[in-house]
Amino acid sequence: MKQEQEMHEFWMRKALQLADIAEQHDEVPVGAIVVRGDEIIGQGWNQSIGSHDPSAHAEMIAIREAGKKLANYRLIDCRLYVTLEPCPMCAGLLVHSRLQQVIFGAKDAKTGAAGSIINLVEHEALNHQLDVVSGVLADECGDKLSAFFKRRRAEKKQLKKLLKS
């Protein structure tokens, strides 16, 4: 069990590095990787703001890359590591891609679709269910998101002050 936790933390740190790249591009700092065996076959970070694409979530980008690498839209025996619980759009993608497991860091109380507000990835009526591991490096993942939004709110407040003067 400890070895499995260490493995999850190892891969989640890789996803956190991608979240840093997202933040450097002024995107919501979420990173994701697809792992098959002991190899990263897909990676992504949020790019919705810069690309003007609401589907450009970290999970979407990582899964697209993995599918191209495997030359298959089914990602059998693959795991997704993502710093934030997938939203309903991404959860649907996880089911359709037939991922084996999703491992995420921070829960999303507003749009979480892997157990927080709904659980699409384990829904028994769907044709595929994933194993879910939540809370891996949750504090680090959550703190990164909180700091980003705190900074953004402060920047907006400062801008309003400048515009009033």
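Modeller: Let us begin with residue classes: Ala, Val, Leu, Ile, Met, Phe, Trp, Tyr, Cys and Pro count as nonpolar, Asp, Glu, Lys and Arg as charged, and the others, Gly among them, as polar. By that sorting, the lining of the largest pocket has eight nonpolar, five polar and five charged residues. This is a predicted model, in which local features need pLDDT of at least 70 and side-chain atom pairs count only at pLDDT 80 or more, whereas totals for chains, interfaces and linings use all residues. Residues are numbered from 1 along each chain as its sequence is written, and side-chain values use heavy atoms, with hydrogens and water left out.

Biologist: What makes Asp20 and Lys144 a salt bridge?

Modeller: A salt bridge requires a side-chain nitrogen of Lys or Arg within 4 Å of a carboxyl oxygen of Asp or Glu. The side chains of Asp20 and Lys144 meet at 2.4 Å, N to O, and they form a salt bridge. This pair links distant parts of the chain, with Asp20 in helix α1 and Lys144 in helix α5, 124 residues apart; helices here are DSSP runs of H or I with at least four residues, and strands are runs of E with at least two, numbered from the N terminus. Lys144, at 19% relative accessible area, counts as buried, whereas Asp20, at 30%, counts as partly exposed.

Biologist: How do you know that Arg79 has no salt bridge?

Modeller: Lys and Arg count as positive and Asp and Glu as negative, while His and the chain ends are not counted. For buried Arg79, the nearest side chain of opposite charge, Glu4, is 7.7 Å away, and no salt bridge is assigned. The Arg79 side chain does make a polar contact with the side chain of Tyr81 at 3.2 Å; such a contact is a pair of N or O atoms within 3.5 Å, where within protein one must be able to donate a hydrogen and the other to accept it, and residues adjacent in sequence count only if both atoms are side-chain atoms.

Biologist: What separates Glu155 and Arg151 along helix α5?

Modeller: Glu155 and Arg151 are four residues apart in helix α5, and therefore separated by about one helical turn. Their closest N and O atoms are 2.6 Å apart, and the pair forms a salt bridge.

Terms used:
Buried < 20%, exposed > 50% of the residue type's maximum accessible area, 1.4 Å probe, protein only.
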